[in-house]
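Hello! Here is the structure I promised to pass on to you. Have a look at it first, and then read my notes below.

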Amino acid sequence: MNLVFADAFTLNPGDLDWTPLTSLGHVTLHDRTAPDQLIERLKDADMVLVNKVKLNRQTLEQLPNLRYIGVTATGYDIIDWKAARALGIVVTNVKGYSTESVAQVTFALLLELTHRVGLHADSVRAGDWARNPDFSYWKSPLVELAGKTLGVVGFGDIGKRVTDIGAAFGMKILVNRRHTDEQPPEGIRYVDQATLFAESDVVSLHCPATDENRGFVNAELLSRMKPTAFLINTSRGVLINEADLAEALNNGRLAGAGLDVLGTEPPAADNPLFSARNCLITPHLAWASLEARQRLLHEIVENIHAFFAGKPRNVVN
């Protein structure tokens, strides 16, 4: 077996042990691979691992030895999986490894928006408290989550975990999902998108990117939200029309946004959200806790073992 990992650095910048993977055979690890390096690096590979490197039909047709692609993530839109299937290439992904971490960051963003812990910590460090005539002060509105309405778009593993945490905070829960032919869990109400955006104090996105939902969070949908509401996105950046969101924030039609993902990553320096009012942006890190990456590496290896055994698992094509 000749296995090439095209973009290994993000999974393991040095704090994980590669041995479970490298012990499988001849393994080549590249920190990063540019598009013009792909063919040369993968031309002799039987198996390829990729996280964000795109493999389209034109590329796949130039890799005659390739029989397996392991996507080291849950989303697999970077792969032309139909072309891979036609060429006899198995494509697998990894599910569930980051559920707890992404749900945790979802609320980290929301709690920062509602209490601005970083802002106040910086204020204290700058000496504001020491100079203050009162025992207490705050520099932004402080918002309690109990009794507020949390609207979750997408009800997969992460969406479900976010609703659990929201309920633990005492929030009312609305969910918009594709399939609503079953009764919702106790304490949850299924609603359409328009209702969810109109009634929620917090809207949190947890759905995959598809051709149908790209940019669906646009000016029209944002206009339905309460001016006191917050928007959180820890799923896919392309779900949001970024210019529309920036305009809504800057015009006070939305209280704030917490984003761990953007439509293009890395983003352009002139992305309008960088200067938008009350917009928190983190660099797509929700998935990347040490524990989540350890689980991801384990599942990558298990997928390969299953492929070797002739019983591939987590096949997406």
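Where does UniProt place the feature "domain: D-isomer specific 2-hydroxyacid dehydrogenase NAD-binding"? The unreviewed entry puts that feature at residues 107-286. UniProt positions are given here in the numbering of this model, feature names are shortened, and annotations may be inferred rather than shown by experiment.

Before going on, please keep in mind that this is a predicted model: local features need pLDDT of at least 70, side-chain atom pairs count only at pLDDT 80 or more, and totals for chains, interfaces and linings use all residues. Residues are numbered from 1 along each chain as its sequence is written, and side-chain values use heavy atoms, with hydrogens and water left out.

Helices (H or I, at least four residues) and strands (E, at least two) are DSSP runs, numbered from the N terminus. The unreviewed UniProt entry also has "domain: D-isomer specific 2-hydroxyacid dehydrogenase catalytic" at residues 23-317. That span is 33% helix and 15% strand, with its end C-alpha atoms 27 Å apart.

Next, a pair of helices. The axes of H5 (residues 99-115) and H8 (residues 157-168) come within 9 Å and cross at roughly 50°; axes are lines fitted to C-alpha atoms, for helices over the stretch in contact, and angles run from 0 to 180 degrees between N-to-C directions. That angle makes H5 oblique to H8 (under 35 degrees is roughly parallel, over 145 roughly antiparallel, 65 to 115 roughly perpendicular, and the rest oblique). Among the residues that meet are Val102 and Phe107 in H5 and Ile158 and Arg161 in H8, where contact means heavy atoms within 4.5 Å.

Now for charges. Side chains of opposite charge can pair when their charged atoms come close. The model has 13 salt bridges, each a side-chain nitrogen of Lys or Arg within 4 Å of a carboxyl oxygen of Asp or Glu. One of them joins Asp15 and Arg293, with the closest N and O atoms 2.6 Å apart. This pair links distant parts of the chain, 278 residues apart: Asp15 is in the loop between strand S1 (2-5) and helix H1 (19-22), and Arg293 is in helix H12 (residues 290-308).

Finally, some backbone details. Most residues other than glycine have a negative phi, and most peptide bonds are trans. The bond from Glu265 to Pro266 is cis, with omega near -5°, and Pro266 lies in the loop between strand S11 (256-259) and strand S12 (279-281). Asn278 is not a glycine but has a positive phi of about 50°, and Asn278 is also in the loop between S11 and S12.

Enjoy exploring!
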